[in-house]
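Here are my notes for you to read alongside the model. Take the points one by one and keep the 3D view open as you go.

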Amino acid sequence: MNMRTIQNLINLEGRRALITGGAGHIGHAMAEAIAELGGGLILVDLAGADYPFLDRLKKLTDDIECIDCDLEKEDQRTKLMDKIKSDKKGLDILINSAAFVGTTDLKGWGTPFEEQTVDTWRRAVEVNLTACFDIIKQATPLLRESNHPSVINIGSTYGVVGPDYALYEGTTMGNAAAYAAAKGGLVQLTRWLATTLAPKIRINMISPGGVYRNQNEAFVNRYEARTPLERMATEEDFKGITAYLSSDLSNYVTGQNFMIDGGWTAW
């Protein structure tokens with residue numbers, strides 16, 4: 001048996017990736033990883049989103065498109081997927097990265113539990129879980145036509161463990177129940193889809209730990225002390241796992257949730 005080289009397995013030339021939340025920090029890192037390996041990009045985010053890294057990506061690939069879409073709205077999700085289907089360029093990689101996150105400014109979000117609202121819960125579940133289900137479902141016919149289809153959902157450590165509130169003492173930071181519930185649901189949706197879409201389409205999950213974004217110094221110190229690798233994540237930490245799951249390096253991998261958390265969930 002002649003085995004392919006690592007360089008051949010990781011090559012993404014001729015493949016195209018759709019990344020929701022493409023203007024975000026992690027979305028940027030994943031886009032850069034795919035572009036460096038020769039892949040084309042469709043970056044999706046809210047209208048008016050800033051893509052400060054776009055010039056850098058254009059130096060890596062000339063196959064790049066940015067599309068506005070409010071993933072909270074079902075009709076806009078359908079319009080997005082209809083546009084991608086109609087261009088006849090195909091789709092090989094789907095990354096669901098868009099989400100309401102800890103710093104999202106919503107009423108009744110990162111507040112004490114008794115102040116968290118049902119309306120915000122519904123909005124968060126729509127974006128963080130329902131939209132992923134919908135986009136994957138609509139993309140499935142395109143992915144079935146690919147020779148190398150791969151879906152990657154972006155989760156969180158809070159989709160598998162509960163929050164340690166000692167981290168937040170003396171800060172204005174909080175932790176939303178809806179975020180944890182939606183990310184936990186996405187873990188199980190990933191497993192369910194892995195067997196449902198097999199053997200043609202692989203689907204896996206990346207669950208980041210805390211990413212350094214100039215948070216409160218006390219929070220950062222506590223977080224790092226609680227993490228075996230003694231630091232918060234950087235965007236670069238997600239490039240390797242993106243390259244692995246997007247490419248043929250992970251041809252025999254599906255239904256898995258990769259904890260990229262510096263060992264946070266290993267305790």
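1. Start with Ser246, which is buried, because its relative accessibility is 1% and anything under 20% counts as buried. Bear in mind as you look that this is a predicted model. Ser246 sits in helix α8, and its side chain reaches the backbone oxygen of Thr242 at 2.8 Å. What does Ser246 touch, leaving aside residues up to four places away in sequence? The list is Leu12, Arg15, Ile34, Ile93, Ser150 and Ile152. Two of those names, Arg15 and Ile93, come back in the next points.

2. Take Arg15 next. Its side chain meets that of Asp248 in a salt bridge, with 3.2 Å from N to O. Why is this pair worth a look? Are the two partners buried or exposed? Arg15 and Asp248 are both buried.

3. Now for Ile93, which belongs to strand β4 (residues 93-96). As a rule, side chains in a regular strand alternate between the two faces of the sheet. You can follow that here: Ile93 and Ile95 point one way, Leu94 and Asn96 point the other way, and all of them are buried.

4. Which strands does β4 pair with? On one hand there is β1 (residues 16-20), which runs parallel to β4 and is joined to it by 4 bridges. Leu18 has Leu94 as its bridge partner in β4. On the other hand there is β5 (residues 150-154), again parallel to β4 and joined by 4 bridges. In β5, Val151 stands opposite Leu94, and Ile152 stands opposite Ile95.

5. Zoom out to see the whole sheet. It is an open sheet of 7 strands in the order β3-β2-β1-β4-β5-β6-β7, and the pairing is parallel. Which strands are at the edges? They are β3 and β7, each of which pairs on one side only. Neighbouring strands are turned against each other by 15 degrees on average, if you ignore direction. Helix α6 (residues 177-196) packs on this sheet and touches β5, β6 (202-208) and β7. The direction of α6 makes about 160 degrees with that of β6.

6. While you are at α6, find Lys183, which lies in that helix. Look at Gly159 in particular: it is 24 residues from Lys183 in sequence, yet their C-alpha atoms are 4.5 Å apart in space.

7. Phe219, Val220 and Tyr223 are its buried residues to look for. They cover an arc of only 95 degrees around the axis, so they end up on the same side of α7. The face turned away from that buried side carries the exposed residues Glu217 and Ala225. At the start of α7, a side-chain oxygen of Asn216 comes to within 2.8 Å of the backbone nitrogen of Ala218.

8. Last, back to charges. Side chains of opposite charge can pair when their charged atoms come close. How many salt bridges are there? The count comes to 13. One of them joins Glu65 and Lys83, with the closest N and O atoms 3.6 Å apart. Glu65 is in strand β3 (residues 64-68) and Lys83 is in helix α4 (residues 74-86), so this pair ties together parts that are 18 residues apart in sequence. Glu65 is partly exposed at 25% relative accessible area, and Lys83 is partly exposed at 40%. Another salt bridge links Asp237 and Arg231, with 2.8 Å between the closest N and O atoms. Here too both are partly exposed, Asp237 at 28% and Arg231 at 38%. Finally, look for the network of salt bridges that links Glu32, Glu36, Arg56 and Lys239.

Technical notes:
Residues are numbered from 1 along each chain as its sequence is written. This is a predicted model: local features need pLDDT of at least 70, side-chain atom pairs count only at pLDDT 80 or more; totals for chains, interfaces and linings use all residues. Side-chain values use heavy atoms; hydrogens and water are left out. Buried means under 20% relative accessible area, exposed over 50%, partly exposed in between (1.4 Å probe, protein chains only). Helices (H or I, at least four residues) and strands (E, at least two) are DSSP runs, numbered from the N terminus. Two strands pair if DSSP finds at least two bridges between them. A salt bridge is a side-chain nitrogen of Lys or Arg within 4 Å of a carboxyl oxygen of Asp or Glu. Axes are lines fitted to C-alpha atoms, for helices over the stretch in contact, and angles run from 0 to 180 degrees between N-to-C directions. Contact means heavy atoms within 4.5 Å. The arc is that of the directions from the helix axis to the C-beta atoms. A polar contact is a pair of N or O atoms within 3.5 Å; within protein, one must be able to donate a hydrogen and the other to accept it, and residues adjacent in sequence count only if both atoms are side-chain atoms.
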